[in-house]
Amino acid sequence: MEQCKVFYRNATLDHFSWATPPGGVVSFCQRYFVCSEHWRKEGGPIFFYVGNEADVTLYLNASGLMWESAAEFGALLIFAEHRYYGESKPYGSKRLREHMQFLTSEQAMADYAELITALKAELGVEGAAVIGFGGSYGGMLASWMRLKYPHILDGAIAGSAPIWSYLGEHPPYDSGSYAKIVTRDASPAAGAAAACVPNMRRAWQALFMAGETEGGRVAASSVMRLCPSAALNCSADAAALADWLSSAWDYLAMGNYPYPSTYILNGGGTLPAYPMRAACEYLAEPDLEGDALLAGLASAAGVFYNFSGQNLDCFDWSAGPNEESEEDTDFWGYQWCTEQFQPFSRDGVHGMYWDQPFDLKGSIKGCQEQWGVTPRPMWATVAWGGKRIDTASNIVFTNGLLDPWHGGGVLRNLSDSVVAVLIPEGAHHLDLMFSNPLDPPSVIAARATQPDPLVPLGLDFLTFLAATVLVIPTFKSAKISPVLGFLFSGLLLGQLGLFRNTSELEKLSELGVLFLLFEMGLELSFDRLKALAKYAFGLGFATMAVTALVFMGMGLPPGHGLGTEILVRFFHASPKLAAVNSIDEAIVIGAALSLSSSAFVLQLMAERNELGTKFGSATLGILLFQDIAVVPFLVLLPLIENGDLMEPGQSTMSLLAALGPTALQTVAGLAVLLLGGRTVLRRIFAMVANARSDETFVALCLLTVVGASLMTQALGLSETMGSFVAGVLLAETNYRTQVEADIRPFRGLLLGLFFVTTGASLDVGLLLREWEIVVALLVGLIAVKILIIGSIAPFFGLNRQESIRTAFLLSQGGEFAFVLLSLANELKVLPEDLNRLLIIVVVLSMALTPALAEFGKRFAEKTADMPLPGGGDSEEEAAVAAAVVAEAARQAEAVSAPVVICGFGELGQTVANMLDSPALRASGSGSKGVPYVAFDLQPSRIDDACKAGFNVRFGDASRPSVLEAAGVVDPKALAVVYTARGRAVSAVAALRAHWPRAPILARALDQLHAAELRSAGADTVVTATAEAGLELGYAVLSGLGAEERRVQAVAGELRRQVTARVDALAEGMGNHEASTRNPDSLIFRSDPWVDMRSLLAPASELVLRGDVAAAASSSFDEMATASASLDDGGAGSANGPAGGNGAGGRSSSMVISAAGALAAGREREPVPKRPRDGSGTSFDVGSAVAMAGDAARQGSMRAKAKASRDGDD
């Protein structure tokens, strides 16, 4: 208060009448405070506290969120006092009760609207944004002001505002929710003693029994320390005392803060930290009875009435805790008797109180007797819209789940900007108070979300991305499915309030399901779809129909179904919550619970590589039928609820007439999409593929998914049907692999977001209150579906193990259940609490999917040795089954471990022809040669190649994700034959990084390119220019008549030298000068002596065979003569002009061979194999060739000397 200035203004007494009020009083003095310490006049907002039923200074000193946010936003703070409270009392305190008719919420809001308008004009900030803050009744006023005066209040923060706690709501407000929440606060779930609630239930009965007799009343008055003036004189006094005592528990639950607080006592006293726990300590001893029980009941209530500093000697049940609280409570009683008519009841079962149903007539009579007014029970709902406020904007509703008022609060998002923040550890608008070191985490998180009602979606998505970065590595390292990680993180983030705009996130996450169904369609060619027909339309129909009928039957007849009776009798469920009230409800529940989760199951099976198994196909078929079956439910449900169908006495023909137009439109539209889409999509993808733009291709993939979904939605089908159909259409094209690789990152991310938002949608408050019912429904759902699916599956060809695994894998609820339940909620088919309860059960069952799948797998393995009914399979059937398994394994290996050809130009086609050669088929490489798959990015070439019988797909094979999308897991070899220099190098580098042990062979344009490829990780490099030069040289020499053996030897030696030079260049690739050289500037000159030495190949071969003596059989003179003739120009060389294949040629060959043999004979070192990294050669004859060269040079010199001597002679 010291930082604020107090002001008073003449406020209009009656804003809604032109008549002069009684006594000629047309205005009253309204108090308000202005706090400008942090205000930035230029652009700073106004934070306006919407005062409620107490002195405004209470809120000024307690609303810490406003003060702490003002410094951040540069806001001006205004605290306005509600008329009739504090110092703002028309007619003065003495005459006030004579003129209570002007105490209404409409008049109070008009006061505030008038004040805000005047102050903005006075301060010259007409354009400043105004955000309303309020807690409890003040929060209700803030939200209602945003509805009525949106031009004055730009947004509202409404803490603990039970705007849905009135009569006339649909579904109706649970008038017993307040008592149930108070009971939970007194239980171990909220940290209280376990014996507290049981003792409380017995204490009321003991008090009522004592009130029946005079002796009992005297004893009770003494034991409970009642003042003499408040001693019990009759049974009615005992009932009044019980009301007084129960009020203490109500207030303690509201003020169940984690630290001592004066707020609930209007600043007139201090309650201890967690006062509910403190009160329960007086009832903590189990099975209290008699005087001890009543004494404990009184002492517990004394935590509130005998608060710190009071030290009361006795209790007066006719008085409140202090005078100010009494007056405020009194005036609120008048408001309750007029427009704030909130029903309260106790059923004596779910709470710790006695049975006390809401008495409408008695309440009206009491108001008439006390205030002379008749309540308007449904006026609040009529005036402010109740639950139909989704057209509003910029309102944040916060609710602490320890606060008993949250049962009538907004607990879910209503639109993009009307959002709910749940605070599991928060009591009555604790989030609006000052920060405290003892604040629980959920309160801290809630405060962080509130200053701006319109937090951008980007922050929520950033939160999700951060969670993804943490979740995926953590759960994968623990070998836990990331699906479960996403669910858990969503639950945690939702409860901590870190998601501000979950409705937008949910819309975005729905795209993940669309992409999942699209990818599922990509895996289904028409042939496979036809193969799944038995599972989809046979097993899928049977299991879904039986499951839906069983769940429907458990809810019928309405109000007395078997499921209802079980929940009520054995789990003490409220009949209102557990009862199915109509056939429509039973149909919706049966249909929703019969569905399983495509998102969870397909993700899980893909991670385990089980989609290709028999039970995987059965599972996929069932899910496919369920996705299709959702359509008629979504179409029929609105028609049924609108009264167009199922009217009494309606004939079958009239029913068909009602369905006919919709059915025809749907079938016709789907036919057009299937037939026309196949041709159109192919052409569009071919056009974009020819453009060679990665960005455009990705954009087309996204457009296909979303566009197809919108088309089917317009036809009255589900969005997922469109994405699935689009995937099926593309499954028959060559673009499937590239499309799947491009959408996979989007699918994974958005599907993860779907799981996160699913976890965040859990209503924790309802779960904690009704956990026994939730567990019962969860177990029932899973058990029933396992029994039904496991019993039916064997009739469709699945063995026992496959049936068990399929049953467990599909025993959860599905994401389409959310769609059905949401639609049913919009159409008011299901009660809201039942709807939210079913969503909780479905979410929890989905979270259990990984555990159920693992348990089903282990259980199935344990039954593997059990004999099947009928004696099991015959030997012939077992042999056939084994053959099928073997063939499936071979096909799987062909898909997962082929030779991959990257690029399908002329060279790629040559490689493919060799791999598919009939010669290889005959040599044992398989009936179809060596399995391979080729990739190219030229659509026309791919089409022609496929027509010619090649296995070619559209895709960028330099991306490992594309190869994985094609099913390649462990390639036997990778042949990179791209013509573009940079693309080939980057492809080799990417493939080597992903498959470090796979052999990589590449074609190089020149020696420098070959060096780059070797440096990038290629094992074998074939240089195009070198090979072409060798072939050309071979042709020239052969045309000139050179001996073929010698030409081959020269070519082999040159090839070795080229390889050595490439290796040397590769080692120097790190040098900038080497890596940036122009290939045309490289000059390669071979060593002619080494070329000559290559003619020693035959001798080398003899050495390698170990026949050294044969290799050395030539005479030294012959060797010398041959060498001399070669040095002189090759007069006696093989195939030379001096004699063709004469003696001179043969002797020279023998001389060099002998020299090589001698050299090799002197060394005789082991011959190593060529390692994968490419270092070394296949045969280590280098030393032999080098020594043979030395011998040849020496022999040449001796031959020249001899010739000189002969000439001289």
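How are α4 and α5 oriented to each other, roughly parallel or roughly perpendicular? Before I answer, please note that this is a predicted model, in which local features need pLDDT of at least 70 and side-chain atom pairs count only at pLDDT 80 or more, while totals for chains, interfaces and linings use all residues. Residues are numbered from 1 along each chain as its sequence is written, and side-chain values use heavy atoms, with hydrogens and water left out.

Let me take the helices. Helix α4 (residues 105-123) packs against helix α5 (residues 137-148) at an angle of about 65°, and their axes are 10 Å apart. The two are therefore roughly perpendicular to each other, a label that covers angles of 65 to 115 degrees. On the α4 side the contact (heavy atoms within 4.5 Å) is made by Ser 105, Glu 106, Met 109, Tyr 112, Ala 113 and Ile 116, and on the α5 side by Tyr 137, Leu 141, Trp 144, Met 145 and Lys 148. Sorted by class, that contact has eight nonpolar, one polar and two charged residues.

Strand β2 (residues 27-35) has seven of its nine residues buried, that is, under 20% relative accessible area with a 1.4 Å probe, protein chains only. Pairing requires at least two DSSP bridges between two strands, and β2 pairs in the antiparallel sense with strand β1 (residues 5-12) over eight bridges, where Ser 27 is the bridge partner of Thr 12. With strand β4 (residues 76-80), β2 also pairs in the antiparallel sense, over four bridges, and there Val 34 has Ile 78 as its bridge partner.

Conventions:
Buried < 20%, exposed > 50% of the residue type's maximum accessible area, 1.4 Å probe, protein only. Axes fitted to C-alpha atoms, helices over the stretch in contact; angles between N-to-C directions. Parallel < 35°, antiparallel > 145°, perpendicular 65-115°, else oblique. Nonpolar A, V, L, I, M, F, W, Y, C, P; charged D, E, K, R; others polar.
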